[in-house]
Amino acid sequence: MREMIKMLIVLTVLATVSGGLLAAVRESTKEQIEVQVLEFVKGPAIRSILEGATNDPIVDRFQLKDGDAERTFFVGVIDGEPRAVTFETSGKGYGGDVGLMVGIDTTDDKLVGVGVTTHGETPGMGAKAKTDPSFVAQFKGLALKDPIKVTGDGGSINAISGATMTSRAVCGATNEAAALYEKLKPQLTEKLKEFKK
Amino acid sequence: MARSIVQEFTKGLWAEVPPFRLVLGLCPTLAVTKSVENGIGMGVATTFVLVCSNVLVSSLRKVIPAKVRIACYIVIIATFVTVVELVMQAYTYPLFLKLGIFIPLIVVNCIVLGRSEAFASKNGIFRSLLDGLGMGIGFTLALSALAAVRELLGTGDLTIWEKPIQVFGPSYQPFSFMVEAPGAFVALGLMLCLMNMVGKK
């Protein structure tokens, strides 16, 4: 009986101490891990969109509430003005959701650029949306007031050959971003003023 | 079999080097040795876990009841592995992505549990520390050696701190079999063979 109790106590104490230690480590590394995930998963897309930015968009980020969801916005300082914002949306592709980072210039409501972050598209076909810069380059400078479509649907974007679904997903995600931008614009411009130095 | 303190440390480096002599911990040995960088990263992570768990198991060896000792060891090891995993995510994210699932799998690495059970539970704290350190460094060296052979033959480069160094020059035709899974078995087999030949005298 005594042995039984000792076993229980030792294991309980060990597990408790271990749990406490892990919670502490997790708490202290949480922020750093978030930064790393941003840097290595979304960072490349953000940096290629905000090429001319003089700040670090990953550091200059803020969150806004969109209904129940929290969205993260990355600010790009171009020509000394915090005028570009990028944020992530997604569209339905051939192999699941296609994550898209969309950059918008708040002074003229035009696209600064887009970049694919995560996707499950076919390598060599739909995956070109991420690897072939000439496809996403078509979005640069487009105005947001008209819906963006591929040429087959009456728009101006040349779809990637053999990957119409993916091309539509990217257009869809851009349009979703435009709608979201329209909705949140008052809050966004308010927030952007804070970055003015 | 009384060993001096120095021997306690050096046995892990040559006489009982884990993957080649004890033939323990083969899962990471085969899986992550595609590049030297991965090998070193895995080795360092395992060394940290080995040293910490050895010290803790050794200091608690009189408290832990014999019947639940394995469960206790696993709790201790798993805690340190999770610490390593979180720290790697926070500071060396690209390496963490490359090593992936093999970091959490250190929990079931035979070397770590094996040293706790066979050594730390019967020896003092200082000796256990040296044993863990020696075994860990031996494991790191073994992984690096195997990875160097595979990466060199498989790609013609050696990657250190994300900078590939072309060893054989641009005209080298990569023997890509070596960086694939079957190449790991062949390379390990040849390594074991070599170790036995040298060790035999």
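What is the mean pLDDT of chain A, and what share of its residues reach 70 or more? The mean is 82, and 99% of the residues of chain A reach 70 or more; pLDDT is the predictor's confidence in each residue, from 0 to 100. This is a predicted model, in which local features need pLDDT of at least 70, side-chain atom pairs count only at pLDDT 80 or more, and totals for chains, interfaces and linings use all residues. Residues are numbered from 1 along each chain as its sequence is written, while chains are lettered from A and ligands numbered from 1 in the order in which they are written.

**Figure 1. Helix α1 of chain A.** Helices (H or I, at least four residues) and strands (E, at least two) are DSSP runs, numbered from the N terminus. Helix α1(A), residues 2–49, has the highest mean pLDDT among the elements of chain A, at 88. Strand β1 (residues 61–66) of chain A has the lowest, at 77. The 48 residues of α1(A) should span 70 Å at 1.5 Å a residue, and its end C-alpha atoms lie 67 Å apart, which agrees. The expected span is 1.5 Å times one less than the number of residues.

**Figure 2. Kink and buried residues in α1(A).** A kink of about 65° lies at A:G43, shortly before the proline A:P44. The bend at a residue is the angle between axes fitted to the seven residues ending there and the seven starting there. Buried residues of α1(A) are A:L14, A:Q36, A:K42, A:A45, A:I46 and A:I49. A residue is buried if 20 or more other C-beta atoms lie within 10 Å of its own, exposed if 12 or fewer, and partly exposed in between, with C-beta atoms placed from the backbone. The buried residues pack against β2 (69–78), β3 (81–93), β4 (96–105) and β5 (110–116) of chain A, together with α5 and α6 of chain B.

**Figure 3. The contact of chains A and B.** Chain B supplies 19 residues and chain A 17 residues. Two residues are in contact if their C-beta atoms, placed from the backbone, lie within 7 Å. On the chain B side, α5 (69–91) and α6 (93–99) are the elements that give two or more residues. α5(B) gives the most, with 12 residues. The chain B side divides into 15 nonpolar residues, three polar and one charged. Here Ala, Val, Leu, Ile, Met, Phe, Trp, Tyr, Cys and Pro count as nonpolar, Asp, Glu, Lys and Arg as charged, and the others, Gly among them, as polar.

**Figure 4. Helix α8 of chain B and the residue after it.** Helix α8(B), residues 125–155, has 31 residues. From first C-alpha to last it reaches 43 Å, close to the 45 Å expected at 1.5 Å a residue. Just after α8(B), B:G156 takes a positive phi of about 80°.

Figure 5. Most residues other than glycine have a negative phi. A:D109 is not a glycine, yet its phi is positive, at about 55°. A:D109 sits in the loop between β4 and β5 of chain A. With 14 other C-beta atoms within 10 Å, A:D109 is partly exposed. B:V23 has a positive phi near 50°. B:V23 belongs to the loop between α2 (18–22) and α3 (26–31) of chain B. B:V23 counts as exposed, with 12 C-beta neighbours inside 10 Å.
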